[in-house]
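Subject: Structure for you to look at

Dear colleague,

Here is the structure I promised to pass on to you. Please open it beside this message, and then read on for what was found in it.

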Amino acid sequence: MVYVKDDGVFDEPLEKIWKYIQAPEDHVHETILSQKVLEQQGNTMKLRVETFNAQGGKEEQIWKMTMDPPFGHDLEVLEGSTRGTKQTHVYVPMGDKTKVI
């Protein structure tokens, strides 16, 4: 297992960061080609995601995302080449900035 920690600070308040996360037309990732919600229960959703893989090809993955607004979200890859990968993003308000852990 590999554990990566990447802290950073955004020069925007938490409210603005959370609005951005929820705006699919603005919040774009170059490696995510498409996504579709397969099911949703409360703040947890299962998504079918088409991504670029490490070799530059395309692949389909199934993700489980649990949102905890405005403090962060968890992501787990259920199917695909990165199956078992887990990410947690925690947002800490710092006045007019936001720390990401």
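Lys 97 forms a salt bridge with Asp 11, their closest N and O atoms being 3.5 Å apart (a salt bridge is a side-chain nitrogen of Lys or Arg within 4 Å of a carboxyl oxygen of Asp or Glu). Because Lys 97 lies in strand E7 (residues 97–100) and Asp 11 in the loop between strand E1 (8–10) and helix H1, the pair ties together parts that are 86 residues apart in sequence; helices (H or I, at least four residues) and strands (E, at least two) are DSSP runs, numbered from the N terminus.

This is a predicted model, in which local features need pLDDT of at least 70 and side-chain atom pairs count only at pLDDT 80 or more, while totals for chains, interfaces and linings use all residues. Residues are numbered from 1 along each chain as its sequence is written, and side-chain values use heavy atoms, with hydrogens and water left out.

The structure holds 4 salt bridges, and another of them joins the side chains of Lys 64 and Glu 76 (4.0 Å, N to O). This pair links distant parts of the chain, with Lys 64 in strand E4 and Glu 76 in strand E5, 12 residues apart.

Glu 76 is also in contact with Trp 63, where contact means heavy atoms within 4.5 Å. Leaving aside neighbours within four places in sequence, Trp 63 also touches other residues, including Ile 32, Leu 47 and Val 77.

Finally, a cis peptide bond, with omega about -5 degrees, joins Pro 69 and Pro 70, and Pro 70 sits in the loop between strand E4 (58–68) and strand E5 (72–79).

Best wishes
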